[in-house]
Amino acid sequence: VDIILSEWMGYFLLRESMLDSLVRARDIFLKPKTGLMMPSHATMLVAPISDEQERKIQSTEYARAMEDWKEFAETTQTMYGVDMSVLESDFDREQKEYYVLSSRWAELGTGCLLAEAQGVKEY
(Lines give C-alpha, C1' and ligand atoms only; values in the text may rest on other atoms or scores of the structure.)
Protein backbone atom coordinates (compact mmCIF):
# COMPACT_ATOMS: atom_id res chain seq x y z
CA VAL A 1 0.00 0.00 0.00
CA ASP A 2 1.32 3.44 -0.90
CA ILE A 3 -0.73 5.56 1.54
CA ILE A 4 -2.69 4.92 4.74
CA LEU A 5 -5.06 7.79 5.39
CA SER A 6 -6.89 7.52 8.70
CA GLU A 7 -8.59 9.67 11.33
CA TRP A 8 -7.41 7.49 14.17
CA MET A 9 -6.76 9.90 16.98
CA GLY A 10 -9.92 10.26 19.02
CA TYR A 11 -9.69 12.22 22.28
CA PHE A 12 -6.15 12.51 23.65
CA LEU A 13 -4.99 10.30 20.75
CA LEU A 14 -6.28 7.20 22.51
CA ARG A 15 -10.02 7.40 23.12
CA GLU A 16 -11.25 5.36 20.17
CA SER A 17 -8.49 2.73 20.59
CA MET A 18 -7.57 2.74 16.91
CA LEU A 19 -3.84 3.30 17.35
CA ASP A 20 -3.10 -0.43 17.70
CA SER A 21 -4.94 -1.33 14.51
CA LEU A 22 -3.28 1.53 12.62
CA VAL A 23 0.20 0.39 13.71
CA ARG A 24 -0.66 -3.17 12.70
CA ALA A 25 -1.93 -2.03 9.27
CA ARG A 26 1.26 0.04 8.84
CA ASP A 27 3.51 -2.89 9.72
CA ILE A 28 1.67 -5.36 7.47
CA PHE A 29 0.59 -3.33 4.44
CA LEU A 30 2.55 -0.08 4.08
CA LYS A 31 5.51 -0.08 1.66
CA PRO A 32 8.62 0.03 3.89
CA LYS A 33 10.62 2.84 2.26
CA THR A 34 8.13 4.86 0.25
CA GLY A 35 4.77 4.37 2.02
CA LEU A 36 3.08 7.37 3.65
CA MET A 37 0.82 7.61 6.69
CA MET A 38 -1.45 10.63 6.99
CA PRO A 39 -1.44 12.10 9.53
CA SER A 40 2.12 11.01 10.22
CA HIS A 41 2.77 12.90 13.46
CA ALA A 42 0.85 13.89 16.55
CA THR A 43 1.57 15.63 19.85
CA MET A 44 -0.27 14.99 23.12
CA LEU A 45 -0.76 18.18 25.11
CA VAL A 46 -1.99 18.58 28.66
CA ALA A 47 -2.98 21.72 30.57
CA PRO A 48 -4.71 22.48 33.86
CA ILE A 49 -8.23 23.86 33.48
CA SER A 50 -11.06 25.21 35.56
CA ASP A 51 -14.67 25.26 34.43
CA GLU A 52 -16.86 26.60 37.20
CA GLN A 53 -19.97 26.62 34.99
CA GLU A 54 -19.62 22.89 34.24
CA ARG A 55 -19.01 22.16 37.93
CA LYS A 56 -22.21 24.01 38.83
CA ILE A 57 -24.17 22.09 36.17
CA GLN A 58 -22.91 18.76 37.53
CA SER A 59 -23.72 19.78 41.08
CA THR A 60 -27.25 20.88 40.09
CA GLU A 61 -27.90 17.64 38.19
CA TYR A 62 -26.73 15.60 41.18
CA ALA A 63 -28.99 17.60 43.53
CA ARG A 64 -31.98 17.06 41.17
CA ALA A 65 -31.33 13.32 41.07
CA MET A 66 -31.33 13.19 44.86
CA GLU A 67 -34.53 15.28 45.04
CA ASP A 68 -36.17 12.83 42.61
CA TRP A 69 -35.01 9.94 44.82
CA LYS A 70 -36.49 11.52 47.94
CA GLU A 71 -39.80 12.10 46.17
CA PHE A 72 -39.80 8.49 44.92
CA ALA A 73 -38.96 7.13 48.40
CA GLU A 74 -41.70 9.22 50.06
CA THR A 75 -44.30 8.19 47.45
CA THR A 76 -43.34 4.52 47.78
CA GLN A 77 -43.62 4.74 51.58
CA THR A 78 -46.96 6.57 51.48
CA MET A 79 -48.68 4.53 48.75
CA TYR A 80 -47.24 1.06 49.36
CA GLY A 81 -45.80 1.12 52.86
CA VAL A 82 -42.35 0.21 51.53
CA ASP A 83 -39.35 1.80 53.23
CA MET A 84 -36.69 2.51 50.57
CA SER A 85 -34.20 4.13 52.96
CA VAL A 86 -31.97 1.05 52.90
CA LEU A 87 -31.14 1.87 49.25
CA GLU A 88 -30.53 5.61 49.70
CA SER A 89 -26.78 5.48 50.42
CA ASP A 90 -26.14 3.22 47.39
CA PHE A 91 -28.25 5.47 45.16
CA ASP A 92 -26.40 8.53 46.48
CA ARG A 93 -23.01 6.93 45.78
CA GLU A 94 -24.09 5.96 42.25
CA GLN A 95 -25.34 9.48 41.49
CA LYS A 96 -22.12 11.07 42.82
CA GLU A 97 -20.05 8.76 40.63
CA TYR A 98 -22.13 9.64 37.58
CA TYR A 99 -22.75 13.37 38.03
CA VAL A 100 -19.76 14.57 40.06
CA LEU A 101 -16.82 12.16 39.73
CA SER A 102 -17.01 10.97 36.12
CA SER A 103 -15.56 12.88 33.19
CA ARG A 104 -17.77 14.44 30.56
CA TRP A 105 -17.14 15.84 27.12
CA ALA A 106 -17.24 19.61 27.02
CA GLU A 107 -15.88 22.20 24.63
CA LEU A 108 -13.87 24.64 26.67
CA GLY A 109 -12.92 28.16 25.77
CA THR A 110 -9.37 29.41 26.24
CA GLY A 111 -10.58 31.27 29.34
CA CYS A 112 -10.74 27.91 31.14
CA LEU A 113 -6.98 27.36 30.81
CA LEU A 114 -5.04 27.97 34.02
CA ALA A 115 -1.63 27.60 32.34
CA GLU A 116 -0.14 27.03 28.91
CA ALA A 117 -0.43 23.51 27.51
CA GLN A 118 2.69 21.36 27.70
CA GLY A 119 3.66 18.50 25.38
CA VAL A 120 3.44 15.09 27.02
CA LYS A 121 4.29 12.83 24.09
CA GLU A 122 5.11 13.21 20.41
CA TYR A 123 4.43 10.51 17.85
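Modeller: Start with W69, which counts as buried at 8% relative accessibility. Buried means under 20% relative accessible area, exposed means over 50%, and partly exposed lies in between, using a 1.4 Å probe and protein chains only. A word on the model itself: it is predicted, so local features need pLDDT of at least 70 and side-chain atom pairs count only at pLDDT 80 or more, while totals for chains, interfaces and linings use all residues. Residues are numbered from 1 along each chain as its sequence is written, and side-chain values use heavy atoms, with hydrogens and water left out.

Now the rings. A search of the whole structure turns up 3 aromatic pairs. Rings of Phe, Tyr and Trp (its six-membered ring) pair if their centres lie within 6.5 Å; planes under 30 degrees apart are stacked, over 60 edge-to-face, and the rest tilted. W69 and F91 make a stacked pair, at 4.7 Å centre to centre with 20° between the planes. This pair joins distant parts of the chain: W69 sits in helix 2 (residues 52-80) and F91 in helix 3 (residues 85-101), 22 residues apart. Helices (H or I, at least four residues) and strands (E, at least two) are DSSP runs, numbered from the N terminus. F91 is partly exposed, at 22% relative accessible area.

Another pair is Y98 with Y99, edge-to-face at 4.8 Å centre to centre and 85° between the planes. Y98 is exposed, at 52%. Y99 is buried, at 17%. Back at W69, ring pairs join W69, F72 and F91 into a cluster.

W69 also belongs to the largest nonpolar core, which has 7 residues: Y62, A65, M66, W69, A73, M84 and Y99. Helix 2 contributes the most to this core, with 5 residues. A nonpolar core is a set of buried Ala, Val, Leu, Ile, Met, Phe, Trp, Tyr and Cys residues joined through side-chain atoms within 4.5 Å. In soluble globular proteins, nonpolar side chains tend to be buried together. Leaving out residues up to four places away in sequence, M66 touches F91, D92 and Q95. Contact means heavy atoms within 4.5 Å.

Next, helix 2 as a whole. Helix 2 has 29 residues and spans 42 Å from its first C-alpha to its last, close to the 42 Å expected at 1.5 Å a residue. The expected span is 1.5 Å times one less than the number of residues. Which residues of helix 2 are buried? They are E54, Q58, Y62, A65, M66, W69, A73 and T76. These buried residues pack against helix 3. After helix 2 comes G81, whose phi is positive, near 70°.

A salt bridge is a side-chain nitrogen of Lys or Arg within 4 Å of a carboxyl oxygen of Asp or Glu. In the D90 to R93 bridge, the closest N and O atoms are 3.8 Å apart. Both residues lie in helix 3, 3 residues apart, about one turn of the helix. In the R93 to E97 bridge, the closest N and O atoms are 3.5 Å apart. R93 and E97 are 4 residues apart in helix 3, so about one helical turn separates them. D90 is partly exposed, at 41%. R93 is partly exposed at 44%, and E97 is partly exposed at 40%.

The whole structure holds 6 salt bridges. One of the bridges joins the side chains of R26 and D27, at 2.9 Å from N to O. R26 is partly exposed, at 34%, whereas D27 is exposed, at 52%.

One last point of reference is K33. K33 lies in the loop between helix 1 (19-29) and strand 2 (36-38). K33 is exposed, at 82% relative accessibility.
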